[in-house]
Amino acid sequence: MVRYMKLIQGHFAAGGPHAARMPGLIWPLTAYFITESMDIRPAMEAAVANVRVHGGDWENAVLLMFRTHLLVDSPGGMAGIDDDLTTLQVLCRRVGDRWVRAQFSSAVGEAAMIRGHFDEAKTAYEEALELAYEVGAYTETPFLIARLSELAFRAGDRDRALAGLDEATTEADRHGVPDARAFVLMLRAHIALEDGEIARAREFSDQASAQSDRGTPPPQFRAGLNAVSALIAAAESGPERGLAMMTATLREAVEQHCADAVIAMLVDQTALLSADLGELPRAARLLAAGDRRRGPHPRPMPERTGADRTEATARAALGAERYAAERARGETLTMDEILAELPAPA
């Protein structure tokens with residue numbers, strides 16, 4: 001497979017008209033099979049530059065659609081994504097391709113979720129779902145339904161979230177989408193954990209892990225699932241075990257170049273587990289580091305509740321002056337420094 005992907009890349013990477021139309025248009029995706037870091041941005045940038053010269057509106061729309069999804073899942077705070085989305089919206093209207101419009105709406109939803117704009121995300125995902133049904137993109141519908149279910153859960157509507165996950169499971173089974181089934185199971189594990197149903201959360205987490213082995217989940221999914229598993233382990237065996245697992249998850253997510261929002265979530269969870277172990281100065285530093293990584297975007301619910309509780313505990317125990325000093329130190333920490341002060345990963 002690697003040899004075959006290198007042949008494809010070697011044929012199209014130099015650019016030209018043949019690399020600005022199908023099937024050459026998607027050559028940057030070969031980098032997923034070749035590069036160990038999962039970083040395909042250099043290949044994508046080269047392809048976008050080439051299609052601007054040799055491609056038409058549809059080809060430019062497709063490449064920008066790929067790049068917007070890439071930016072959502074990459075570190076760097078989604079720099080440039082708004083410009084891409086603005087251009088892509090114009091191109092979508094011009095070419096009238098409903099599948100590309102569905103992908104555009106999905107990318108808008110992803111960006112809005114990261115920024116905490118949940119009403120905007122809901123509208124975008126609903127539009128993407130409607131378009132996916134229209135064009136018969138049925139392998140994408142369970143993901144979109146699951147995303148809408150996640151929004152319901154974060155809004156506190158547990159019943160609507162679980163009903164949506166049931167629907168997403170039915171769609172995933174009908175169309176044979178193992179990655180979607182794994183994502184749904186991970187969300188079920190998260191909800192069960194929030195409900196205090198630890199044994200049920202473990203069951204869903206283990207099922208999600210087994211299901212993901214049948215598909216091709218991205219690093220962001222692995223990070224999310226491993227984080228849930230670490231929290232379950234903390235509930236089962238104590239925070240020390242959970243912290244070791246969370247540290248390993250954070251280290252892997254950094255190595256795999258996961259998005260800033262994912263890294264911030266893992267840093268926050270590491271802070272909460274540190275606080276459970278009585279490491280309140282470290283918890284204060286980590287929460288500040290998570291805020292810096294997240295940028296201007298608010299913590300989503302229900303994670304915000306745990307972070308607020310930890311901050312209040314740390315401030316009360318350390319005093320206002322010491323707490324502020326630890327926060328200030330945390331805001332300057334690099335990822336290497338964060339990982340260096342954590343216990344050895346499990």
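Which side chain meets Asp 206 in a salt bridge? I looked this up before anything else. The partner is Arg 202, with N and O 3.6 Å apart; a salt bridge here is a side-chain nitrogen of Lys or Arg within 4 Å of a carboxyl oxygen of Asp or Glu. Both residues belong to helix H11 (residues 198–212), and being four residues apart they are separated by about one helical turn. Helices are DSSP runs of H or I with at least four residues, numbered from the N terminus. Asp 206 is partly exposed at 43% relative accessibility; I take buried as under 20% relative accessible area, exposed as over 50% and partly exposed as in between, with a 1.4 Å probe and protein chains only.

I note that this is a predicted model, in which local features need pLDDT of at least 70 and side-chain atom pairs count only at pLDDT 80 or more, while totals for chains, interfaces and linings use all residues. Residues are numbered from 1 along each chain as its sequence is written, and side-chain values use heavy atoms, with hydrogens and water left out.

Entry: further salt bridges.
I recorded 30 salt bridges in the structure. In one of them, Arg 115 pairs with Asp 82, the closest N and O atoms being 3.0 Å apart. Arg 115 sits in the loop between helix H6 (98–114) and helix H7 (118–135), and Asp 82 in helix H5 (residues 81–95), so the pair ties together parts 33 residues apart in sequence. Arg 115 is buried at 18% relative accessibility, whereas Asp 82 is partly exposed at 41%.

I then turned to Arg 147 and Glu 110, whose side chains form a salt bridge of 2.8 Å, N to O. Arg 147 belongs to helix H8 (residues 141–154) and Glu 110 to helix H6, so this pair ties together parts 37 residues apart in sequence.

I located Leu 287 in helix H15 (residues 280–294). With a relative accessible area of 1%, Leu 287 is buried. Leaving out residues up to four places away in sequence, I listed its contacts (heavy atoms within 4.5 Å). They are Asp 268, Ala 271, Leu 272, Arg 299, Ala 307, Thr 310, Glu 311 and Arg 327. Asp 268, Arg 299, Glu 311 and Arg 327 are also among the members of a salt-bridge network, which includes Asp 291 and Arg 294. As a distance check, I placed Leu 287 and Val 90 at 40 Å, C-alpha to C-alpha, and 197 residues apart in sequence.

Entry: Asp 260.
I found Asp 260 in helix H14 (residues 260–276), buried at 14% relative accessibility. Its side chain makes a polar contact of 3.3 Å with the side chain of Arg 293. A polar contact is a pair of N or O atoms within 3.5 Å; within protein, one must be able to donate a hydrogen and the other to accept it, and residues adjacent in sequence count only if both atoms are side-chain atoms.

Entry: aromatic rings.
I recorded one aromatic pair. The ring centres of Tyr 133 and Tyr 138 are 6.3 Å apart and the planes lie at 55°, so the pair is tilted. Rings of Phe, Tyr and Trp (its six-membered ring) pair if their centres lie within 6.5 Å; planes under 30 degrees apart count as stacked, over 60 as edge-to-face and the rest as tilted. Tyr 133 is partly exposed at 32%, and Tyr 138 is partly exposed at 35%.

Terms used. Helices (H or I, at least four residues) and strands (E, at least two) are DSSP runs, numbered from the N terminus.
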